[in-house]
Amino acid sequence: MIDPRLIDPAAELVRRDHLADGEVDEIVELMTALRAWHGAAERMSAASRRYMNLNQNDMRAVRFLIAAENAGQVATARAVADHLGISTAATTKMLDRLERGGHIIRRPHPADRRSIVLQVTPSTRQAAREGVGRLHARRFDVAARMSSADRRVVTGFLRDLAATEGETAGGEE
């Protein structure tokens, strides 16, 4: 984030009259760190997708299928479509592509003859574990080093920040 004292000197957009300069400096530093994290997360995600030769929705589908299997749940195309918020036609195209790429296997549903169960192939599971899994483990370790109180503060901050997405200029949704 660029310093609001530079981009909004009249404080028309960024209210800061109630803050000391040191507090504005801290907020700019916080927002700069958040931007750096966002950039790093995007680069890491893109690297994982390139490594596995998957696009963003493909990767989300693979993660969903791995999580379902780990939870002992049967994953279907409908469940993937619902999870991703995409049409069944788009899901079918994606699943065809994932199957051709050797990332998933379609099997008959054990209880419903009309349904197909989706499973991630062992090689894709291993690639996800080695790439994304290790990355998530490092992120978890960072959060684990924080105190419980600090985790609650950061969680509240991130939830409040995410909630700004639906706010209009007047503060209404």
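**A helix contact and its surroundings**

Reply: The chain exposes about 12200 Å², and carbon and sulfur atoms supply 54% of this area (Shrake-Rupley method, 1.4 Å probe; for residues, only the protein chains shown count as cover). This is a predicted model, in which local features need pLDDT of at least 70 and side-chain atom pairs count only at pLDDT 80 or more, while totals for chains, interfaces and linings use all residues. Residues are numbered from 1 along each chain as its sequence is written, and side-chain values use heavy atoms, with hydrogens and water left out.

Start with the whole chain. It has seven helices and two strands (DSSP runs numbered from the N terminus: H or I of at least four residues for helices, E of at least two for strands). Read from the N terminus, the order is α-α-α-α-α-β-β-α-α. The radius of gyration is 22 Å, well over the 16 Å of the globule rule for 173 residues, so the chain is more spread out than a compact globule (the radius is taken over C-alpha atoms; the rule is 2.2 Å times the number of residues to the power 0.38). Along its principal axes, the C-alpha trace spans about 65 × 35 × 30 Å. Buried residues make up 24% of the 173 residues (buried is under 20% relative accessible area, exposed over 50%, partly exposed in between; 1.4 Å probe, protein chains only). Take the contacts with a separation of 6 or more: 44% of them join residues 24 or more positions apart (contact means heavy atoms within 4.5 Å).

Now the close look. Helix α3 covers residues 56-70, and helix α5 covers residues 88-100. The two pack at an angle of about 80°, with their axes 11 Å apart (axes are lines fitted to C-alpha atoms, for helices over the stretch in contact; angles run from 0 to 180 degrees between N-to-C directions). Helices α3 and α5 are therefore roughly perpendicular to each other (65 to 115 degrees; under 35 is roughly parallel, over 145 roughly antiparallel, the rest oblique).

Which residues of α3 and α5 meet? From α3 come N57, D58, A61 and V62. From α5 come M94, R97 and L98. By class, this contact has four nonpolar, one polar and two charged residues (Ala, Val, Leu, Ile, Met, Phe, Trp, Tyr, Cys and Pro are nonpolar; Asp, Glu, Lys and Arg are charged; the others, Gly among them, are polar).

Stay in α5 for a moment. T91 touches A77, V80, A81 and I86, leaving aside residues up to four places away in sequence.

Go back to D58 of α3. Its C-alpha atom lies 23 Å from that of F140, 82 residues apart along the chain. F140 sits in helix α6. With 61% relative accessibility, F140 counts as exposed.

Helix α6, residues 122-144, also holds G131. At 27% relative accessibility, G131 is partly exposed. G131 and M52 are 79 residues apart along the chain, yet their C-alpha atoms are separated by 8.9 Å.

L158 and L34 are 124 residues apart in sequence and 9.8 Å apart in space, C-alpha to C-alpha. L158 is partly exposed, at 40% relative accessible area.

A11 lies between α1 (4-7) and α2 (21-52). Its phi is near 55°, a positive value in a residue other than glycine. A11 is partly exposed, at 32%.
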